[in-house]
Amino acid sequence: MSGPLTLAARDGRALAEDLAPYPLAVRGLTVSYGGRPAVFSVDMTVEPGSMTAIVGPNGAGKSTLLKAALGIVPRLAGTVTLHGRPLDRARGEVAYVPQRASVDWDFPARVLDVVLMGMSRDLGLLRPVRARHRSRAMDCLARVGMEGFAARQIGQLSGGQQQRVFLARALAQGASLYLLDEPFAGVDAATERAVIAVLSALRAEGATVVAVHHDLSTVRDHFSHVLLLNVRRIAEGPVERVFTAENLQATYGGRLGAAQIGDLGLAAS
């Protein structure tokens, strides 16, 4: 059983906080590139069973926040816990879907091979892939509508199809927390609907989903919670409380016009 996590308060005093109930908790996270903060002293608390969008302008640090939480990029300061435990003790509980632009699509791997990569902890080093592994991989492909492409080379797929395959790889991990970096960027409407259906089903099964998201018009349709970020945390919480015109203007530096706010169904501040 993990005990309370001791954190440094901003006034220098120590405080104890029980983060065990939360699938992902970030405290005081700071990341710097070239001496400039990409993310500065960000706190984030992901509620269990939620679908949380990370929203903000270009360069706000949204992808950096996810990568730093996963240890992909180094943290200058801050702590990250998964159900109150450090990442190195809970890696098996989290699955990550990167941006498509960060993947080498020329790598000579079949679709089925990519999904099997999600089972690396189960397969272990140099162990043979067995029938049950292939069956499970095919089940994951079926969930995203890609079972007919198992033998196809990954680079031969469309952008939307590639995104579905990487979601299937994440499903193969059997995680309880799913982190996705811009899962709807550059995909067709059919893929967006398929991805949302899978993520909603995961949430219904008790999993937690966090996604970097760029389309303000669909935040209220797809997500239950939102983190508004622009290097610093602007606001965080349930969509109906946090996704307001005032908070969006603070996040985007007042650059959203009245018509944009109106299109979102929000009253201008």
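Because the model is predicted, local features were taken at pLDDT of at least 70 and side-chain atom pairs at pLDDT 80 or more, whereas totals for chains, interfaces and linings use all residues. Residues are numbered from 1 along each chain as its sequence is written, and side-chain values use heavy atoms, with hydrogens and water left out.

Helices (H or I, at least four residues) and strands (E, at least two) are DSSP runs, numbered from the N terminus. Strands of a sheet pair through backbone hydrogen bonds, either parallel or antiparallel; here, two strands pair if DSSP finds at least two bridges between them. The open sheet has six strands in the order S8-S9-S10-S5-S11-S12, and its pairing is mixed. Strand S8 (94–97) and strand S12 (232–238) form the edges; each has a single partner strand, so one side of each lacks a neighbour in the sheet. On average, neighbouring strands of this sheet are turned by 15° against each other, direction ignored.

Within this order, strand S9 (residues 177–181) runs parallel to S10, and five bridges join the two. Leu 177 stands opposite Thr 208 in S10. Strand S5 (residues 51–55) also pairs with S10 in the parallel sense, over four bridges, and here Thr 52 has Val 210 as its bridge partner. S5 pairs in the parallel sense with strand S11 (residues 225–230) too, again over four bridges, with Val 55 opposite Leu 228.

S5 is mostly covered, as five of its five residues are buried (buried means under 20% relative accessible area, exposed over 50%, and partly exposed in between, with a 1.4 Å probe and protein chains only). In a regular strand the side chains alternate between the two faces of the sheet. In S5, Met 51, Ala 53 and Val 55 point one way, while Thr 52 and Ile 54 point the other way, and all are buried.

Contact means heavy atoms within 4.5 Å, and axes are lines fitted to C-alpha atoms, for helices over the stretch in contact, with angles from 0 to 180 degrees between N-to-C directions. Helix H1 (residues 62–69) touches S5, S8, S9, S10 and S11, and its direction makes about 140° with that of S9. Seven of the eight residues of H1 are buried, so H1 is largely enclosed by the rest of the structure; the buried residues are Lys 62, Ser 63, Thr 64, Leu 65, Leu 66, Ala 68 and Ala 69. Just after H1, Gly 71 takes a positive phi of about 80°. Helix H6 lies across S5, S9 and S10 and runs at about 130° to S5.

Helices also meet each other. Two packed helices are described by the angle between their axes and the distance between the axes. The axes of H4 and helix H5 (residues 159–172) come within 8 Å and cross at roughly 130°. H4 and H5 are therefore oblique to each other (angles under 35 degrees count as roughly parallel, over 145 as roughly antiparallel, 65 to 115 as roughly perpendicular and the rest as oblique). At this meeting, Arg 136, Cys 140, Leu 141 and Arg 143 in H4 contact Ala 168, Leu 171 and Ala 172 in H5.

Elsewhere, strand S3 (residues 24–33) and strand S4 (residues 36–46) run antiparallel, joined by seven bridges. Val 26 has Met 44 in S4 as its bridge partner. The hairpin of S3 and S4 has two residues between the strands, and Gly 34 takes a positive phi near 60° there.

The last feature is charge pairing. Side chains of opposite charge can pair when their charged atoms come close. With a salt bridge taken as a side-chain nitrogen of Lys or Arg within 4 Å of a carboxyl oxygen of Asp or Glu, the count comes to four. One of them joins Arg 143 and Glu 205 (3.3 Å, N to O). This pair links distant parts of the chain, 62 residues apart: Arg 143 lies in helix H4 (residues 131–143), and Glu 205 in the loop between helix H6 (189–204) and strand S10 (208–212). Arg 143 is partly exposed at 38% relative accessibility, whereas Glu 205 is exposed at 55%. Another salt bridge joins Asp 113 and Arg 110, with the closest N and O atoms 3.1 Å apart. Asp 113 is partly exposed at 26%, and Arg 110 is partly exposed at 38%.
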